[in-house]
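Let's take a walk through this structure together, one spot at a time. Keep the sequence and the 3D view handy as you read.

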Amino acid sequence: MSGVLFEDIFDVKDKDPDGKKFDRVSRLHCESESFKMELILDVNTQIYPVDIGDKFRLVLCTTLREDGIADDGHFNPLDESAMTRANSFEYVMYGKVYRIEGDETATESASKLSAYVSYGGLLMRLQGDANNLHGVEQDMHLYLLMKKLAF
């Protein structure tokens with residue numbers, strides 16, 4: 001799928017470990033199954049409840065269009081003719097990469113990278129092997145798409 005920068009299945013390991021700061025938002029601490037990436041993600045749990053032990057598919061992409069052509073960041077949910085990646089997911093956010101950090105202590109081949117994204121104040125940190133985040137760049141806009149998995 002063109003336009004997709006990262007995709008994996010995550011398992012929710014902890015929820016609000018530092019206490020609940022906001023009524024409608026929870027901070028999830030998750031680990032991916034395939035790439036062993038660590039994810040910290042703020043989710044509006046009023047509209048998308050998530051609990052410890054839940055598994056979900058997460059996709060980071062630059063466009064909602066299936067053909068990979070860049071979009072302008074505007075989505076009209078009333079346009080039923082527009083088939084997008086969002087149709088296959090339950091929770092979608094649009095945000096901006098505001099920081100990328102590397103692990104200076106690691107060797108070149110085993111370096112870790114952390115990508116920080118703000119989705120209108122809901123924050124995400126995705127950390128792991130730099131090879132899995134090679135397409136993510138600072139100031140880039142990304143869609144986050146989530147769908148819970150039944151197991």
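Start at threonine 45, which sits in the loop that links strand E3 (38-44) to strand E4 (55-61). Helices (H or I, at least four residues) and strands (E, at least two) are DSSP runs here, numbered from the N terminus. What you're looking at is a predicted model, where local features need pLDDT of at least 70 and side-chain atom pairs count only at pLDDT 80 or more, while totals for chains, interfaces and linings use all residues. Residues are numbered from 1 along each chain as its sequence is written, and side-chain values use heavy atoms, with hydrogens and water left out.

Is threonine 45 buried or exposed? It counts as buried because its relative accessibility is 14%, and buried means under 20% relative accessible area, with exposed being over 50% and partly exposed in between (1.4 Å probe, protein chains only). And which residues does threonine 45 touch, once its neighbours within four places in sequence are set aside? They are Lys20, Arg24, Val25, Ser26 and Val50, where contact means heavy atoms within 4.5 Å.

Now for the charged side chains. Side chains of opposite charge can pair when their charged atoms come close. The count of salt bridges in this structure is nine, each one being a side-chain nitrogen of Lys or Arg within 4 Å of a carboxyl oxygen of Asp or Glu.

One of them joins lysine 13 to aspartate 11, at 3.1 Å from N to O. Lysine 13 is partly exposed, since its relative accessibility is 48%, but aspartate 11, at 15%, counts as buried.

Another salt bridge brings aspartate 67 and arginine 65 together, with 2.7 Å from N to O. Here aspartate 67 is partly exposed at 42% relative accessibility, and arginine 65 is partly exposed at 36%.

Then there's glutamate 101, whose side chain meets that of arginine 99 in a salt bridge at 3.3 Å, N to O. Glutamate 101 has 33% relative accessibility, so it's partly exposed; arginine 99, with a relative accessible area of 35%, is partly exposed as well.

Last stop: the cysteines. How many disulfides are there? The count is zero, going by the rule that a disulfide is a pair of cysteine sulfur atoms within 2.5 Å. Have a look at cysteine 30, which is buried at 6% relative accessibility, and at cysteine 61, which is buried at 0%.
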